[in-house]
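Please keep the sequence and the model in view while reading.

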Amino acid sequence: MEEETGNDEGTGSKNGFVMINNNFLDYWSGIIGPGPSVLYMDLLSYCYGKKTHAWPSVGTLAKDLGITKNSVRKYREVLIKFGLIKKMYKRRLPDGNYQTNVYEIVRSEDLPYPEQNCEEEVR
């Protein structure tokens, strides 16, 4: 059996594949829509192996998907609203400036069924 190899962080290499749980395809993609779904899958492509954090810039995501930065921001808000991204914060450089957003992504296999999520929001 071949050993799984991941991309080196920061190299920009996008070889490989993303596995998406059927729960996401069957339920979540219909709820959040095609734009946020593709953004979610693109963010997962930065989380090879068991990683749950990614830090592509809004510009990089826009370029990846062939959409505007404003669309990325809009789709990102949908992912945050529905809990597909647990939290988002900016990574700080040593000089105090911010470099890029850091995303904590809920892996597709860990997503609850939408009914469970809605029940938790009601409580």
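Asparagine 23 is buried, with a relative accessible area of 5%; buried means under 20% relative accessible area, exposed over 50%, and partly exposed in between (1.4 Å probe, protein chains only). This residue lies in helix α1, residues 22–32. Beyond its neighbours within four places in sequence, asparagine 23 is in contact (heavy atoms within 4.5 Å) with Trp28, Leu111, Pro112, Tyr113 and Pro114.

## Basis of the model

The structure is a predicted model, in which local features need pLDDT of at least 70 and side-chain atom pairs count only at pLDDT 80 or more, while totals for chains, interfaces and linings use all residues. Residues are numbered from 1 along each chain as its sequence is written, and side-chain values use heavy atoms, with hydrogens and water left out.

## Overall organisation

The protein chain contains 5 helices and 3 strands. Helices (H or I, at least four residues) and strands (E, at least two) are DSSP runs, numbered from the N terminus. Read from the N terminus on, the elements follow the order α-α-β-α-α-β-β-α.

Of the 123 residues in the protein chain, 33% are buried. Among contacts between residues at least 6 apart in sequence, 60% join residues at least 24 apart.

## The nonpolar core

A nonpolar core is a set of buried Ala, Val, Leu, Ile, Met, Phe, Trp, Tyr and Cys residues joined through side-chain atoms within 4.5 Å. The largest such core has 23 residues, of which Phe24, Tyr40, Leu43, Leu79, Leu84 and Ile105 touch the most other members. At least two residues of this core come from each of α1, α2, α3 (58–65), α4 (69–81) and β3 (98–105). The most is given by α2, with 4 residues.

Leaving aside neighbours within four places in sequence, phenylalanine 24 is in contact with Ser29, Ile32, Ser37, Tyr40, Met41, Leu84, Ser108 and Leu111.

## How the helices pack

How are α1 and α2 oriented to each other? Their axes, which are lines fitted to C-alpha atoms (for helices over the stretch in contact), are 7 Å apart and form an angle of about 125 degrees; angles run from 0 to 180 degrees between N-to-C directions. The two helices are therefore oblique to each other, given that angles under 35 degrees count as roughly parallel, over 145 as roughly antiparallel, 65 to 115 as roughly perpendicular and the rest as oblique. Phe24, Ser29 and Ile32 of α1 make the contact with Pro36, Ser37, Tyr40 and Met41 of α2. By class, these residues divide into 5 nonpolar, 2 polar and no charged, where Ala, Val, Leu, Ile, Met, Phe, Trp, Tyr, Cys and Pro count as nonpolar, Asp, Glu, Lys and Arg as charged, and the others, Gly among them, as polar.

The axes of α2 and α4 come within 9 Å and cross at roughly 85 degrees, which means that α2 is roughly perpendicular to α4. Gly35, Pro36, Leu39, Tyr40 and Leu43 of α2 meet Val72, Tyr75, Arg76, Val78 and Leu79 of α4. This contact has 8 nonpolar, 1 polar and 1 charged residues. For α3 and α4, the axes come within 8 Å and cross at roughly 100 degrees, so α3 is likewise roughly perpendicular to α4. The residues involved are Val58, Gly59, Leu61 and Ala62 of α3 with Lys69, Val72, Arg73 and Arg76 of α4. Their classes are 4 nonpolar, 1 polar and 3 charged.

## A cysteine in a loop and a salt bridge

Cysteine 47 is found in the loop between α2 (34–45) and β1 (53–54). It is buried, with a relative accessible area of 1%. Apart from neighbours within four places in sequence, cysteine 47 is in contact with Thr52, His53, Ala54, Ile105 and Arg107.

Arginine 107, one of these contacts of cysteine 47, also pairs with glutamate 109 in a salt bridge (3.8 Å, N to O). A salt bridge is a side-chain nitrogen of Lys or Arg within 4 Å of a carboxyl oxygen of Asp or Glu, and by this rule the count is 1. Arginine 107 is buried at 14% relative accessible area, whereas glutamate 109 is partly exposed at 40%.
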